[in-house]
Amino acid sequence: MSHHIVEFKDVFFRYPDGTQALGGINFRITHGESVGVVGANGAGKSTLLQHMNGYLMPASGTVTIGDLRLTKRTRQEIRRKVGIVFQNPDDQLFMPTVFDDVAFGPLNLGMDEASVRERVNKALCMVNSLALRDKPPHHLSCGQKSAVAIAAVMAMEPDILAMDEPAANLDPKSRRSLITLLKTFKHSKIIASHDLDLILDVCGRCIVIGDGVVVADGPSSEILSDRALLEENSLELPLSLQRR
Amino acid sequence: MTFDEKYFDIGRLDRLSYGETFVHRLDPRAKVIGTMLFLLTVVSFSKYEIAALAPFFLYPMLLVTVGEIPVRFIIKKMIVVSPFAIFIGIFNPILDTRTAAVILGVSVSTGWVSFLSILLKFTLTISVALLLIATTSFSGVCHALRRLGFPALFVSQLLFLYRYLFVLMEETMRIIRARDMRSFGKRGTGLRVFVRLIGILFLRTVDRAERIYYAMLSRGFAGDMPALKRSRMVLRDLAYLSVMIACLWVFRFFPITEGIGRRVQELLR
(Lines give C-alpha, C1' and ligand atoms only; values in the text may rest on other atoms or scores of the structure.)
Protein backbone atom coordinates (compact mmCIF):
# COMPACT_ATOMS: atom_id res chain seq x y z
CA MET A 1 0.00 0.00 0.00
CA SER A 2 1.22 3.44 -0.74
CA HIS A 3 -1.10 5.74 1.17
CA HIS A 4 0.60 5.69 4.55
CA ILE A 5 3.96 6.85 3.33
CA VAL A 6 5.81 9.76 4.87
CA GLU A 7 8.53 11.28 2.78
CA PHE A 8 10.80 14.24 3.54
CA LYS A 9 12.92 15.46 0.64
CA ASP A 10 15.61 18.12 1.24
CA VAL A 11 13.52 19.84 3.87
CA PHE A 12 14.97 23.11 5.14
CA PHE A 13 13.47 25.22 7.88
CA ARG A 14 14.60 28.37 9.60
CA TYR A 15 12.85 30.00 12.56
CA PRO A 16 12.00 33.71 12.37
CA ASP A 17 14.83 34.50 14.80
CA GLY A 18 17.32 33.05 12.31
CA THR A 19 17.96 29.67 13.90
CA GLN A 20 18.42 27.05 11.22
CA ALA A 21 16.43 24.12 12.62
CA LEU A 22 16.33 21.77 9.65
CA GLY A 23 19.15 21.76 7.11
CA GLY A 24 18.09 19.30 4.43
CA ILE A 25 16.26 16.36 5.95
CA ASN A 26 15.75 13.26 3.81
CA PHE A 27 13.93 10.08 4.73
CA ARG A 28 11.06 7.88 3.66
CA ILE A 29 8.86 5.88 5.96
CA THR A 30 6.69 3.18 4.44
CA HIS A 31 3.34 1.78 5.49
CA GLY A 32 3.17 0.26 8.96
CA GLU A 33 6.75 1.07 9.84
CA SER A 34 7.52 2.33 13.27
CA VAL A 35 10.39 4.73 13.46
CA GLY A 36 12.19 6.36 16.37
CA VAL A 37 13.68 9.82 15.95
CA VAL A 38 16.51 10.53 18.37
CA GLY A 39 19.03 13.31 18.78
CA ALA A 40 20.46 15.84 21.19
CA ASN A 41 18.37 18.64 22.67
CA GLY A 42 17.77 21.21 19.98
CA ALA A 43 18.71 18.82 17.17
CA GLY A 44 15.39 19.49 15.42
CA LYS A 45 13.18 16.60 16.49
CA SER A 46 10.16 18.67 17.48
CA THR A 47 10.55 20.94 14.46
CA LEU A 48 10.53 17.85 12.30
CA LEU A 49 7.31 16.60 13.87
CA GLN A 50 5.66 19.96 13.39
CA HIS A 51 6.26 19.64 9.68
CA MET A 52 4.36 16.39 9.53
CA ASN A 53 0.95 17.99 9.65
CA GLY A 54 1.75 21.38 8.28
CA TYR A 55 1.94 23.47 11.42
CA LEU A 56 5.29 24.56 10.09
CA MET A 57 5.86 24.68 6.36
CA PRO A 58 9.26 23.81 4.89
CA ALA A 59 11.21 26.79 3.61
CA SER A 60 12.37 24.57 0.76
CA GLY A 61 12.06 20.89 -0.07
CA THR A 62 8.93 18.76 0.04
CA VAL A 63 7.00 16.80 2.62
CA THR A 64 4.72 14.11 1.22
CA ILE A 65 2.12 12.28 3.28
CA GLY A 66 0.51 9.41 1.38
CA ASP A 67 -0.05 10.77 -2.11
CA LEU A 68 -0.46 14.35 -0.92
CA ARG A 69 2.29 16.89 -1.08
CA LEU A 70 2.15 19.25 1.89
CA THR A 71 0.95 22.70 0.80
CA LYS A 72 -1.29 25.27 2.40
CA ARG A 73 -4.20 23.78 0.48
CA THR A 74 -3.67 20.15 1.41
CA ARG A 75 -2.96 20.97 5.06
CA GLN A 76 -6.49 20.22 6.32
CA GLU A 77 -6.56 16.91 4.48
CA ILE A 78 -3.17 15.94 5.89
CA ARG A 79 -4.21 16.78 9.44
CA ARG A 80 -6.83 14.04 9.21
CA LYS A 81 -4.20 11.52 8.24
CA VAL A 82 -1.51 12.41 10.75
CA GLY A 83 -2.30 12.44 14.46
CA ILE A 84 0.24 14.17 16.65
CA VAL A 85 0.56 13.58 20.38
CA PHE A 86 2.33 16.36 22.22
CA GLN A 87 4.96 16.24 24.86
CA ASN A 88 2.90 18.17 27.40
CA PRO A 89 -0.63 16.77 27.64
CA ASP A 90 -1.88 20.02 29.19
CA ASP A 91 -1.34 21.69 25.85
CA GLN A 92 -3.44 19.11 24.18
CA LEU A 93 -6.36 18.69 26.52
CA PHE A 94 -8.09 22.02 26.16
CA MET A 95 -11.73 21.10 26.66
CA PRO A 96 -13.49 21.14 30.03
CA THR A 97 -14.08 17.41 30.30
CA VAL A 98 -12.28 14.33 29.02
CA PHE A 99 -15.28 13.35 26.94
CA ASP A 100 -15.50 16.77 25.27
CA ASP A 101 -11.82 16.69 24.55
CA VAL A 102 -11.79 13.30 22.88
CA ALA A 103 -14.95 14.27 20.96
CA PHE A 104 -13.37 17.50 19.69
CA GLY A 105 -11.60 15.90 16.72
CA PRO A 106 -14.44 13.67 15.53
CA LEU A 107 -16.93 16.56 15.83
CA ASN A 108 -14.65 18.71 13.71
CA LEU A 109 -14.66 15.96 11.11
CA GLY A 110 -18.41 16.59 10.91
CA MET A 111 -19.54 13.21 12.25
CA ASP A 112 -23.02 12.74 13.66
CA GLU A 113 -23.67 12.42 17.36
CA ALA A 114 -24.08 8.67 17.65
CA SER A 115 -20.87 7.86 15.82
CA VAL A 116 -18.98 10.50 17.79
CA ARG A 117 -20.05 8.83 21.04
CA GLU A 118 -19.03 5.46 19.70
CA ARG A 119 -15.63 6.73 18.60
CA VAL A 120 -14.99 8.40 21.93
CA ASN A 121 -15.87 5.29 23.89
CA LYS A 122 -13.72 3.14 21.64
CA ALA A 123 -10.73 5.45 21.93
CA LEU A 124 -11.04 5.72 25.71
CA CYS A 125 -11.37 1.95 26.04
CA MET A 126 -8.23 1.51 24.00
CA VAL A 127 -6.20 3.43 26.60
CA ASN A 128 -8.14 1.94 29.57
CA SER A 129 -9.56 5.32 30.59
CA LEU A 130 -13.27 4.96 30.04
CA ALA A 131 -13.90 5.67 33.73
CA LEU A 132 -12.38 9.13 33.35
CA ARG A 133 -14.81 10.32 30.69
CA ASP A 134 -16.67 12.91 32.77
CA LYS A 135 -13.69 14.25 34.70
CA PRO A 136 -12.16 17.65 34.02
CA PRO A 137 -8.53 17.38 32.85
CA HIS A 138 -7.16 19.37 35.78
CA HIS A 139 -8.14 16.57 38.15
CA LEU A 140 -6.17 13.90 36.30
CA SER A 141 -2.70 12.63 37.09
CA CYS A 142 0.07 13.03 34.54
CA GLY A 143 -0.21 9.41 33.42
CA GLN A 144 -3.97 9.71 32.99
CA LYS A 145 -3.55 12.94 31.03
CA SER A 146 -1.09 11.25 28.66
CA ALA A 147 -3.46 8.35 28.14
CA VAL A 148 -6.36 10.70 27.40
CA ALA A 149 -4.20 12.78 25.05
CA ILE A 150 -3.46 9.62 23.08
CA ALA A 151 -7.16 8.70 23.04
CA ALA A 152 -7.99 12.18 21.76
CA VAL A 153 -5.70 11.62 18.79
CA MET A 154 -6.77 8.01 18.23
CA ALA A 155 -10.43 9.06 18.09
CA MET A 156 -9.63 10.76 14.78
CA GLU A 157 -8.47 7.35 13.49
CA PRO A 158 -5.34 8.72 11.85
CA ASP A 159 -3.27 6.67 9.38
CA ILE A 160 -0.03 7.87 10.89
CA LEU A 161 0.74 8.51 14.52
CA ALA A 162 3.47 10.96 15.52
CA MET A 163 4.51 11.39 19.13
CA ASP A 164 6.82 13.83 20.85
CA GLU A 165 8.39 12.39 24.02
CA PRO A 166 5.39 10.21 24.86
CA ALA A 167 6.98 8.77 28.02
CA ALA A 168 8.23 11.99 29.58
CA ASN A 169 6.65 12.55 33.03
CA LEU A 170 5.38 8.98 33.28
CA ASP A 171 6.12 6.66 36.18
CA PRO A 172 7.67 3.29 35.22
CA LYS A 173 4.37 1.44 35.31
CA SER A 174 2.54 3.97 33.13
CA ARG A 175 5.52 3.97 30.81
CA ARG A 176 5.37 0.20 30.53
CA SER A 177 1.66 0.23 29.74
CA LEU A 178 2.27 2.96 27.17
CA ILE A 179 4.88 0.75 25.49
CA THR A 180 2.48 -2.21 25.47
CA LEU A 181 -0.19 0.07 24.02
CA LEU A 182 2.08 1.42 21.30
CA LYS A 183 3.00 -2.08 20.25
CA THR A 184 -0.64 -2.89 19.58
CA PHE A 185 -1.08 -0.01 17.11
CA LYS A 186 -0.74 -1.11 13.53
CA HIS A 187 -0.28 2.45 12.27
CA SER A 188 2.86 3.91 10.88
CA LYS A 189 4.44 5.45 13.95
CA ILE A 190 7.02 8.14 14.37
CA ILE A 191 8.27 8.66 17.89
CA ALA A 192 10.68 11.39 18.90
CA SER A 193 12.22 10.64 22.28
CA HIS A 194 15.24 10.56 24.51
CA ASP A 195 13.96 7.35 26.01
CA LEU A 196 16.14 5.04 23.94
CA ASP A 197 14.88 1.89 25.64
CA LEU A 198 11.35 2.79 24.60
CA ILE A 199 12.50 3.27 21.03
CA LEU A 200 14.39 -0.01 21.11
CA ASP A 201 11.24 -1.73 22.36
CA VAL A 202 8.70 -0.15 20.06
CA CYS A 203 10.48 0.93 16.87
CA GLY A 204 12.13 -1.32 14.33
CA ARG A 205 13.92 1.56 12.72
CA CYS A 206 15.74 4.54 14.12
CA ILE A 207 16.78 7.88 12.67
CA VAL A 208 19.45 9.96 14.38
CA ILE A 209 19.23 13.70 13.84
CA GLY A 210 22.01 16.15 14.56
CA ASP A 211 22.08 19.86 13.70
CA GLY A 212 19.07 19.57 11.44
CA VAL A 213 20.26 16.73 9.22
CA VAL A 214 19.88 12.97 9.28
CA VAL A 215 23.11 11.59 10.74
CA ALA A 216 22.19 7.93 10.68
CA ASP A 217 19.22 5.84 9.60
CA GLY A 218 18.85 2.10 10.06
CA PRO A 219 17.53 -0.75 12.21
CA SER A 220 17.16 0.30 15.86
CA SER A 221 19.13 -2.68 17.12
CA GLU A 222 22.15 -1.61 15.04
CA ILE A 223 22.00 2.13 15.60
CA LEU A 224 21.24 2.02 19.29
CA SER A 225 24.16 -0.33 19.96
CA ASP A 226 26.67 1.92 18.18
CA ARG A 227 28.26 3.59 21.20
CA ALA A 228 30.47 5.97 19.18
CA LEU A 229 27.61 7.26 17.04
CA LEU A 230 25.35 7.78 20.02
CA GLU A 231 27.94 9.61 22.09
CA GLU A 232 28.75 11.89 19.18
CA ASN A 233 25.10 12.97 19.30
CA SER A 234 24.88 13.56 23.07
CA LEU A 235 23.18 10.21 23.58
CA GLU A 236 24.26 7.02 25.28
CA LEU A 237 23.60 3.32 24.98
CA PRO A 238 20.10 2.30 26.06
CA LEU A 239 20.14 1.05 29.66
CA SER A 240 19.14 -2.43 28.56
CA LEU A 241 22.28 -2.65 26.39
CA GLN A 242 24.68 -1.28 28.99
CA ARG A 243 26.76 -3.89 30.70
CA ARG A 244 29.02 -2.90 33.47
CA MET B 1 -3.81 33.78 52.79
CA THR B 2 -0.91 32.38 50.83
CA PHE B 3 -1.06 31.78 47.16
CA ASP B 4 -1.36 28.00 47.54
CA GLU B 5 -4.39 28.26 49.79
CA LYS B 6 -6.09 30.65 47.45
CA TYR B 7 -5.52 28.23 44.61
CA PHE B 8 -7.06 25.27 46.37
CA ASP B 9 -9.97 27.45 47.37
CA ILE B 10 -10.88 28.01 43.74
CA GLY B 11 -10.63 24.29 43.23
CA ARG B 12 -13.17 23.86 46.01
CA LEU B 13 -15.87 25.89 44.28
CA ASP B 14 -15.28 23.69 41.27
CA ARG B 15 -15.46 20.49 43.33
CA LEU B 16 -18.77 21.52 44.89
CA SER B 17 -20.34 21.48 41.46
CA TYR B 18 -19.85 17.70 41.14
CA GLY B 19 -22.54 17.10 43.76
CA GLU B 20 -25.55 14.92 43.10
CA THR B 21 -28.56 16.74 44.49
CA PHE B 22 -31.84 17.89 42.99
CA VAL B 23 -30.32 21.31 42.25
CA HIS B 24 -27.23 19.80 40.64
CA ARG B 25 -29.33 17.60 38.41
CA LEU B 26 -31.46 20.39 36.95
CA ASP B 27 -30.73 21.22 33.33
CA PRO B 28 -28.03 23.93 33.21
CA ARG B 29 -30.13 25.97 30.80
CA ALA B 30 -33.03 26.08 33.24
CA LYS B 31 -30.68 27.22 35.99
CA VAL B 32 -29.04 29.86 33.82
CA ILE B 33 -32.40 31.26 32.76
CA GLY B 34 -33.71 31.12 36.33
CA THR B 35 -30.65 32.92 37.67
CA MET B 36 -30.83 35.61 35.01
CA LEU B 37 -34.50 36.29 35.68
CA PHE B 38 -33.74 36.43 39.40
CA LEU B 39 -30.94 38.95 38.88
CA LEU B 40 -33.06 41.12 36.59
CA THR B 41 -35.96 41.14 39.04
CA VAL B 42 -33.74 42.06 41.99
CA VAL B 43 -32.02 44.95 40.23
CA SER B 44 -35.32 46.25 38.87
CA PHE B 45 -36.36 47.56 42.32
CA SER B 46 -36.02 51.25 43.05
CA LYS B 47 -33.01 52.47 44.95
CA TYR B 48 -34.88 53.04 48.23
CA GLU B 49 -36.47 49.59 48.34
CA ILE B 50 -35.61 47.42 51.34
CA ALA B 51 -38.65 45.55 52.64
CA ALA B 52 -39.70 44.14 49.27
CA LEU B 53 -36.24 42.55 48.80
CA ALA B 54 -36.60 40.33 51.85
CA PRO B 55 -38.64 37.50 50.26
CA PHE B 56 -35.96 37.05 47.62
CA PHE B 57 -33.57 35.62 50.22
CA LEU B 58 -35.72 32.52 50.08
CA TYR B 59 -34.11 31.43 46.80
CA PRO B 60 -30.42 31.44 47.85
CA MET B 61 -31.43 29.83 51.13
CA LEU B 62 -33.26 27.08 49.29
CA LEU B 63 -30.30 26.52 46.97
CA VAL B 64 -27.90 26.22 49.90
CA THR B 65 -30.13 23.75 51.73
CA VAL B 66 -31.23 21.57 48.85
CA GLY B 67 -27.86 21.78 47.08
CA GLU B 68 -25.95 20.93 50.29
CA ILE B 69 -23.56 23.86 49.87
CA PRO B 70 -21.59 25.00 52.94
CA VAL B 71 -22.98 28.44 53.83
CA ARG B 72 -19.80 29.73 55.42
CA PHE B 73 -17.83 29.08 52.27
CA ILE B 74 -20.26 31.14 50.16
CA ILE B 75 -20.29 33.95 52.75
CA LYS B 76 -16.49 34.07 52.78
CA LYS B 77 -16.42 34.39 48.99
CA MET B 78 -18.95 37.23 49.20
CA ILE B 79 -16.89 39.12 51.75
CA VAL B 80 -13.95 38.98 49.36
CA VAL B 81 -15.88 40.90 46.69
CA SER B 82 -17.94 43.07 49.06
CA PRO B 83 -15.63 46.13 48.91
CA PHE B 84 -16.94 46.84 45.41
CA ALA B 85 -20.50 47.19 46.64
CA ILE B 86 -19.48 49.09 49.77
CA PHE B 87 -17.52 51.65 47.80
CA ILE B 88 -20.37 52.17 45.39
CA GLY B 89 -22.79 52.94 48.23
CA ILE B 90 -20.58 54.42 50.95
CA PHE B 91 -21.08 58.04 49.91
CA ASN B 92 -24.85 57.84 49.69
CA PRO B 93 -25.41 58.70 53.40
CA ILE B 94 -23.20 61.79 52.97
CA LEU B 95 -24.65 63.01 49.70
CA ASP B 96 -28.29 62.12 50.22
CA THR B 97 -29.29 63.57 53.62
CA ARG B 98 -33.05 63.95 53.34
CA THR B 99 -34.78 62.37 56.31
CA ALA B 100 -36.57 59.15 55.46
CA ALA B 101 -37.86 58.21 58.88
CA VAL B 102 -37.31 58.83 62.54
CA ILE B 103 -36.78 55.67 64.55
CA LEU B 104 -36.57 56.02 68.36
CA GLY B 105 -35.59 59.63 68.00
CA VAL B 106 -32.76 59.02 65.52
CA SER B 107 -33.44 60.36 62.08
CA VAL B 108 -32.46 58.03 59.26
CA SER B 109 -31.50 59.71 55.98
CA THR B 110 -32.55 58.37 52.59
CA GLY B 111 -28.81 57.93 51.90
CA TRP B 112 -28.62 55.19 54.51
CA VAL B 113 -31.72 53.56 53.05
CA SER B 114 -30.26 53.45 49.56
CA PHE B 115 -26.92 52.21 50.93
CA LEU B 116 -28.67 49.35 52.67
CA SER B 117 -30.64 48.65 49.53
CA ILE B 118 -27.41 48.40 47.53
CA LEU B 119 -25.94 45.98 50.06
CA LEU B 120 -29.04 43.81 49.98
CA LYS B 121 -29.09 43.71 46.20
CA PHE B 122 -25.38 42.90 46.21
CA THR B 123 -25.86 40.04 48.66
CA LEU B 124 -28.72 38.60 46.65
CA THR B 125 -27.10 38.81 43.22
CA ILE B 126 -23.62 37.64 44.21
CA SER B 127 -24.85 34.75 46.34
CA VAL B 128 -27.12 33.50 43.59
CA ALA B 129 -24.36 33.79 40.98
CA LEU B 130 -21.92 31.92 43.24
CA LEU B 131 -24.53 29.28 43.93
CA LEU B 132 -25.13 28.82 40.23
CA ILE B 133 -21.43 28.03 39.76
CA ALA B 134 -21.37 25.86 42.89
CA THR B 135 -24.28 23.75 41.73
CA THR B 136 -23.57 23.57 38.00
CA SER B 137 -20.39 22.41 36.30
CA PHE B 138 -18.71 25.27 34.53
CA SER B 139 -18.80 23.45 31.22
CA GLY B 140 -22.51 22.93 31.80
CA VAL B 141 -23.02 26.69 32.17
CA CYS B 142 -20.97 27.32 29.02
CA HIS B 143 -22.88 24.80 26.94
CA ALA B 144 -26.12 26.24 28.27
CA LEU B 145 -25.07 29.74 27.20
CA ARG B 146 -24.07 28.44 23.77
CA ARG B 147 -27.40 26.71 23.29
CA LEU B 148 -29.27 29.76 24.48
CA GLY B 149 -27.72 31.62 21.57
CA PHE B 150 -24.68 33.35 23.05
CA PRO B 151 -21.90 33.98 20.49
CA ALA B 152 -19.54 31.01 19.98
CA LEU B 153 -16.45 33.20 20.43
CA PHE B 154 -17.62 34.39 23.83
CA VAL B 155 -18.42 30.89 25.02
CA SER B 156 -15.13 29.40 23.86
CA GLN B 157 -13.27 32.16 25.70
CA LEU B 158 -15.09 31.16 28.87
CA LEU B 159 -14.27 27.50 28.32
CA PHE B 160 -10.59 28.26 27.87
CA LEU B 161 -10.59 30.54 30.89
CA TYR B 162 -11.90 27.72 33.03
CA ARG B 163 -9.59 25.08 31.62
CA TYR B 164 -6.38 27.09 31.80
CA LEU B 165 -7.04 28.97 35.01
CA PHE B 166 -5.80 25.92 36.88
CA VAL B 167 -2.81 25.38 34.61
CA LEU B 168 -1.80 29.02 34.88
CA MET B 169 -2.19 28.95 38.65
CA GLU B 170 0.11 25.96 38.86
CA GLU B 171 2.62 27.68 36.64
CA THR B 172 2.53 30.76 38.88
CA MET B 173 2.85 28.61 41.96
CA ARG B 174 5.95 26.93 40.58
CA ILE B 175 7.55 30.28 39.73
CA ILE B 176 6.78 31.73 43.15
CA ARG B 177 8.09 28.62 44.87
CA ALA B 178 11.30 28.76 42.87
CA ARG B 179 11.73 32.41 43.83
CA ASP B 180 11.08 31.80 47.52
CA MET B 181 13.52 28.94 47.59
CA ARG B 182 16.36 31.11 46.41
CA SER B 183 15.50 34.45 47.96
CA PHE B 184 16.73 34.41 51.51
CA GLY B 185 14.82 36.79 53.69
CA LYS B 186 13.66 39.96 52.01
CA ARG B 187 16.02 40.14 49.06
CA GLY B 188 14.50 38.83 45.86
CA THR B 189 10.92 39.29 46.96
CA GLY B 190 10.87 42.97 45.99
CA LEU B 191 8.83 44.67 43.32
CA ARG B 192 11.54 44.55 40.65
CA VAL B 193 11.80 40.79 40.78
CA PHE B 194 8.03 40.52 40.88
CA VAL B 195 7.67 42.56 37.70
CA ARG B 196 10.10 40.23 35.96
CA LEU B 197 8.17 37.20 37.16
CA ILE B 198 5.01 38.62 35.64
CA GLY B 199 6.91 39.14 32.40
CA ILE B 200 8.11 35.54 32.37
CA LEU B 201 4.64 34.30 33.13
CA PHE B 202 3.29 36.31 30.23
CA LEU B 203 5.87 34.93 27.80
CA ARG B 204 5.20 31.37 28.92
CA THR B 205 1.49 31.94 28.49
CA VAL B 206 1.97 33.20 24.94
CA ASP B 207 4.07 30.13 24.12
CA ARG B 208 1.46 27.88 25.62
CA ALA B 209 -1.33 29.58 23.71
CA GLU B 210 0.57 28.87 20.52
CA ARG B 211 1.00 25.20 21.40
CA ILE B 212 -2.68 24.89 22.28
CA TYR B 213 -3.67 26.46 18.99
CA TYR B 214 -1.39 23.99 17.24
CA ALA B 215 -3.10 21.15 19.11
CA MET B 216 -6.50 22.47 18.03
CA LEU B 217 -5.45 22.76 14.41
CA SER B 218 -4.05 19.23 14.54
CA ARG B 219 -7.49 18.01 15.37
CA GLY B 220 -9.30 19.80 12.62
CA PHE B 221 -10.33 23.03 14.37
CA ALA B 222 -11.88 25.39 11.86
CA GLY B 223 -13.25 28.28 13.90
CA ASP B 224 -16.15 26.94 15.92
CA MET B 225 -16.06 24.88 19.10
CA PRO B 226 -18.28 21.90 18.45
CA ALA B 227 -20.35 20.50 21.28
CA LEU B 228 -22.61 17.53 21.70
CA LYS B 229 -26.14 17.96 22.92
CA ARG B 230 -25.93 16.37 26.30
CA SER B 231 -29.09 17.23 28.19
CA ARG B 232 -32.76 17.59 27.55
CA MET B 233 -35.22 19.82 29.35
CA VAL B 234 -37.47 17.43 31.24
CA LEU B 235 -40.62 18.00 33.25
CA ARG B 236 -38.57 18.68 36.37
CA ASP B 237 -36.76 21.60 34.70
CA LEU B 238 -39.95 23.12 33.34
CA ALA B 239 -41.59 22.79 36.76
CA TYR B 240 -38.61 24.52 38.39
CA LEU B 241 -38.73 27.35 35.85
CA SER B 242 -42.48 27.92 36.17
CA VAL B 243 -42.38 27.98 39.98
CA MET B 244 -39.42 30.34 39.76
CA ILE B 245 -41.20 32.72 37.39
CA ALA B 246 -44.42 32.65 39.41
CA CYS B 247 -42.58 33.43 42.66
CA LEU B 248 -40.53 36.20 41.08
CA TRP B 249 -43.70 37.76 39.67
CA VAL B 250 -45.50 37.64 43.02
CA PHE B 251 -42.48 38.96 44.94
CA ARG B 252 -42.00 41.75 42.43
CA PHE B 253 -45.54 43.08 42.21
CA PHE B 254 -47.12 42.28 45.59
CA PRO B 255 -45.84 43.75 48.87
CA ILE B 256 -45.32 40.43 50.65
CA THR B 257 -43.29 41.77 53.57
CA GLU B 258 -45.80 44.53 54.21
CA GLY B 259 -48.66 42.02 54.08
CA ILE B 260 -46.99 39.74 56.59
CA GLY B 261 -46.30 42.73 58.86
CA ARG B 262 -49.94 43.78 58.78
CA ARG B 263 -51.16 40.25 59.55
CA VAL B 264 -48.80 40.07 62.50
CA GLN B 265 -50.02 43.44 63.76
CA GLU B 266 -53.61 42.29 63.47
CA LEU B 267 -52.87 39.10 65.38
CA LEU B 268 -51.08 41.01 68.13
CA ARG B 269 -53.91 43.47 68.56
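Guide: Start with a strand pair. Strand 1 and strand 4 (residues 60-65) of chain A are antiparallel partners, with five bridges. One thing to keep in mind: this is a predicted model.

Visitor: Noted. Which residue is the bridge partner of Lys9(A) in strand 4 of chain A?

Guide: That is Thr62(A).

Visitor: How many bridges join strand 1 to strand 2 of chain A?

Guide: Seven. Strand 1 covers residues 6-14 and strand 2 covers residues 20-29 of chain A, and the two run antiparallel. Within that pairing, Phe12(A) has Gly23(A) of strand 2 of chain A as its bridge partner.

Visitor: And the hairpin those two make, how many residues lie between the strands?

Guide: Five residues. Gly18(A) in that hairpin of chain A has a positive phi near 100 degrees.

Visitor: Switching topic. What is the strand order in the open sheet of chain A?

Guide: The order is 6-7-8-3-9-10 in chain A, six strands with mixed pairing. Strand 6 (82-85) and strand 10 (213-219) of chain A are at the edges. Each has a single partner strand, so one side of each has no neighbour in the sheet. From one strand to the next, the twist averages 15 degrees.

Visitor: Take strand 3 and strand 8 of chain A. Parallel or antiparallel?

Guide: Parallel, with four bridges between strand 3 and strand 8 (residues 188-192) of chain A. Gly36(A) stands opposite Ile191(A) of strand 8 in chain A.

Visitor: What about Gly39(A), buried or exposed?

Guide: Buried: the relative accessible area of Gly39(A) is 0%. The cut-off for buried is under 20%, so Gly39(A) qualifies. Gly39(A) sits in strand 3 (residues 34-39) of chain A.

Visitor: Which residues is Gly39(A) in contact with, leaving aside its neighbours within four places in sequence?

Guide: Lys45(A), His194(A), Ile209(A), Asn233(A) and Leu235(A).

Visitor: How far apart are Gly39(A) and Leu230(A) in space?

Guide: 8.5 Å, C-alpha to C-alpha. In sequence, Gly39(A) and Leu230(A) are 191 residues apart.

Visitor: Which strands does helix 1 of chain A lie across?

Guide: Helix 1 (residues 45-52) of chain A lies across strand 3, strand 6, strand 7 (160-164), strand 8 and strand 9 (205-210) of chain A. Against strand 7 of chain A, helix 1 runs at about 150 degrees.

Visitor: Now the other chain. How many helices and strands in chain B?

Guide: 12 helices and two strands in chain B. From the N terminus, the elements of chain B go α-α-α-α-α-α-β-β-α-α-α-α-α-α.

Visitor: Is chain B spread out or a compact globule?

Guide: Chain B is more spread out than a compact globule, because its radius of gyration is 24 Å, well over the 18 Å that the globule rule gives for 269 residues. Along the principal axes, the C-alpha atoms of chain B fill a box of roughly 75 × 55 × 30 Å.

Visitor: What share of chain B is buried?

Guide: Buried residues are 39% of the 269 in chain B. As for the accessible surface of chain B, it comes to about 16400 Å², and 70% of that belongs to carbon and sulfur atoms.

Visitor: What domains does the assignment give for chain B?

Guide: Domain 1 (3-136 + 234-268) and domain 2 (152-218) of chain B. Taken over C-alpha atoms, the centres of domain 1 and domain 2 of chain B are 35 Å apart.

Visitor: Last one. Of the contacts in chain B between residues at least 6 apart in sequence, what percentage join residues at least 24 apart?

Guide: 77%.

Definitions and conventions: Residues numbered from 1 in each chain as written. Chains lettered and ligands numbered in written order. Predicted model: local features only at pLDDT ≥ 70, side-chain atom pairs only at ≥ 80, totals over all residues. Heavy atoms only, no water. Pairing = 2+ DSSP bridges. Buried < 20%, exposed > 50% of the residue type's maximum accessible area, 1.4 Å probe, protein only. Contact = heavy atoms within 4.5 Å. Axes fitted to C-alpha atoms, helices over the stretch in contact; angles between N-to-C directions. Rg over C-alpha atoms; globule rule 2.2 N^0.38 Å. Areas by Shrake-Rupley, 256 points an atom, 1.4 Å probe, with all protein chains shown as cover. Domains from an automatic or database assignment.
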